[in-house]
Amino acid sequence: AKLLVLHGPNLNLLGTREPGVYGHTTLAQIDQALLAQAHAAGHDVESLQSNAEHHLVDRVQAAREDGTAFILINPAAFTHTSVALRDALAAVDVPFIEIHLSNPHAREPFRQHSYFSDKAVGVICGFGADSYRYAMDAALTRLQGTRA
Ligand code: DQA
């Protein structure tokens with residue numbers, strides 16, 4: 001099956017962005033590891049990072065047409081602001097997992113509300129780059145039995 005990985009604003013800076021909060025792993029390293037993980041299970045994955053809300057909305061909309069079976073998304077700051085991205089995910093009705101490197105619940109109050117969590121299959125946060133690995137593992141488990 002086909003999985004889509006979406007990364008929101010400023011995640012292109014991973015590796016050098018507030019490493020005390022987000023770690024030293026780069027986005028390229030995360031995407032590479034996710035690709036290997038999906039391929040090992042016989043599935044395909046496409047990753048997209050954007051700082052622009054409309055790019056992410058457009059890509060989610062396209063998922064309805066292109067046979068995407070599962071979405072992994074770290075909406076980053078859009079987690080706390082984007083009704084539009086939430087509505088796009090609800091519209092396409094593709095199951096998704098919400099991911100965060102940090103644990104937003106242990107941070108500023110404005111990070112403690114997510115526009116995505118109540119629509120997500122599940123939420124994985126607080127494990128740094130490993131959050132992505134655990135999320136991919138959960139998605140692959142859900143896809144077991146579907147055709148690669
Ligand atoms: C984040 C948490 C968000 O609050 C923040 O705006 C980010 C990254 C995370 O992965 O920990 O940009 O989604």
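# Reading a predicted protein–ligand model

Q: Which residues surround the ligand?

A: The ligand is surrounded by N10, N74, A76, A77, T79, H100, L101, S102, P104 and R111; a residue is near a molecule if its C-beta atom, placed from the backbone, lies within 6 Å of it. This is a predicted model, in which local features need pLDDT of at least 70 and side-chain atom pairs count only at pLDDT 80 or more, while totals for chains, interfaces and linings use all residues. Residues are numbered from 1 along each chain as its sequence is written.

Q: How many residues of each class are in the shell around the ligand?

A: The shell has four nonpolar, five polar and one charged residues. Here Ala, Val, Leu, Ile, Met, Phe, Trp, Tyr, Cys and Pro count as nonpolar, Asp, Glu, Lys and Arg as charged, and the others, Gly among them, as polar.

Q: What confidence does the predictor give?

A: pLDDT is the predictor's confidence in each residue, from 0 to 100. For the protein its mean is 96, and 99% of the residues reach 70 or more. The complex receives an ipTM of 0.99 and a pTM of 0.96.

Q: In what order do the elements of the protein run?

A: Helices (H or I, at least four residues) and strands (E, at least two) are DSSP runs, numbered from the N terminus. The protein has five helices and five strands, and from the N terminus on the order is β-α-α-β-α-β-α-β-β-α. The radius of gyration is 14 Å, close to the 15 Å that the globule rule gives for 148 residues, so the protein is as compact as a globular protein of that length. This radius is taken over C-alpha atoms, and the rule is 2.2 Å times the number of residues to the power 0.38.

Q: Which residues of helix α4 are buried, and which are exposed?

A: A residue is buried if 20 or more other C-beta atoms lie within 10 Å of its own, exposed if 12 or fewer, and partly exposed in between, with C-beta atoms placed from the backbone. An α-helix has 3.6 residues a turn, so residues three or four places apart point the same way. In α4 (residues 83-92), the buried residues are L85, R86, A88 and L89. They cover an arc of only 160° around the axis, which puts them on the same side of α4; the arc is that of the directions from the helix axis to the C-beta atoms. V83 and A90, on the other side of α4, are exposed.

Q: Against which elements do the buried residues of α4 pack?

A: Two residues are in contact if their C-beta atoms, placed from the backbone, lie within 7 Å. The buried residues of α4 pack against α3 (53-63) and β4 (96-100).

Q: What is the phi of N10, and what is that of A76?

A: Most residues other than glycine have a negative phi, and most peptide bonds are trans. N10 has a positive phi, near 75°, and is placed in the loop between β1 (2-7) and α1 (19-22). A76 is not a glycine either, yet its phi is positive, about 50°; this residue lies in the loop between β3 (68-74) and α4. N10 is partly exposed, with 14 other C-beta atoms within 10 Å, whereas A76 is buried, with 24.

Q: With which residues is I71 in contact?

A: Leaving aside neighbours within four places in sequence, I71 is in contact with L4, L6, A63, V94 and F96. I71 belongs to strand β3 and counts as buried, because 22 C-beta neighbours lie inside 10 Å.
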